[in-house]
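Try each one yourself before you read its solution.

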Amino acid sequence: LDIFGFEIFETNSFEQLCINFTNERLQQKFNSHTFTQEESLYQAEGVPFDKIPFLDNGPVLELLSSKPYGLLNLLDEEVRVPQGGDVKWVSKCAERHAANKIYGGPGLTQVQHAFQLKHYAGDVVYDCRGMVEKNADRLSRNLYRYAGRDGVPLLAVAGPVAVSTALPPQVDAQAILEVLVAARTTAMTEAPDLCVVSTIQS
């Protein structure tokens, strides 16, 4: 029973991979709560029950997120390496997971830029084109681009000063948080009146 909005389209890309990975995690949580934990409780209390078979999706989650060679970790690595690319990423995944029955590389899909995963809800063929760029997440750069524009006095003062020198080429959530804290500190020092106004407005 698909209760989490699993997605299988004619063309599946990075968005579907992320959504389906999330659904796999939710399905694992559902299985654990509904089956594994309940069975343990029945056994502890001596309640007789018929064991219900269910599909363990642990292997596909391990394939996607295990460190250091899960597909998503390899995708993160491909973002960082010079001249990284979508087809190069799929090739690395195929080389690393050729023996994994859940993963099907270009040899199975017959397309260089595609791979297949056996999810709990069915087999999905993913088109890798654009995945490395999407995973790079340029949103933080775009936010900075608009930080100095009119409308938000605090960002206008603090954004260009703090953000332009603080963001590394590839940023993560922790780096963004550190930059925002630094920006707030800079703004409070250089324009405390604007900080008060901005805080009231927000």
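**Exercise 1.** Find what covers the buried residues of α1.

*Solution.* Keep in mind that this is a predicted model. Start by picking out the buried residues of α1, among them Phe 14, Leu 17, Phe 21, Asn 31 and Phe 35. Then look at what lies over them: the cover includes the helices α2, α3, α4 and α6, along with β2 and β3.

**Exercise 2.** Follow α1 from end to end and describe its course.

*Solution.* First, the length: α1 has 32 residues and reaches 45 Å from its first C-alpha to its last, close to the expected 46 Å. Next, look at Ser 32, where α1 bends by about 35 degrees. Finally, step just past α1 to Gly 46, which takes a positive phi of about 70 degrees.

**Exercise 3.** Work out the strand order of the sheet and explain which strands stand at its edges.

*Solution.* The three strands form an open sheet in the order β1-β2-β3, with antiparallel pairing. β1 and β3 each have a single partner strand, so one side of each lacks a neighbour in the sheet. Between β1 and β2 there are two bridges, and Tyr 103 stands opposite Leu 117 in β2. α2 packs on this sheet, touching β1 and β2, and its direction makes about 145 degrees with that of β2.

Notes:
Residues numbered from 1 in each chain as written. Predicted model: local features only at pLDDT ≥ 70, side-chain atom pairs only at ≥ 80, totals over all residues. Heavy atoms only, no water. Helix = DSSP H or I, 4+ residues; strand = E, 2+ residues; numbered from the N terminus. Expected span 1.5 Å × (residues − 1). Bend = angle between axes of the 7 residues up to and from the residue. Buried < 20%, exposed > 50% of the residue type's maximum accessible area, 1.4 Å probe, protein only. Contact = heavy atoms within 4.5 Å. Pairing = 2+ DSSP bridges. Axes fitted to C-alpha atoms, helices over the stretch in contact; angles between N-to-C directions.
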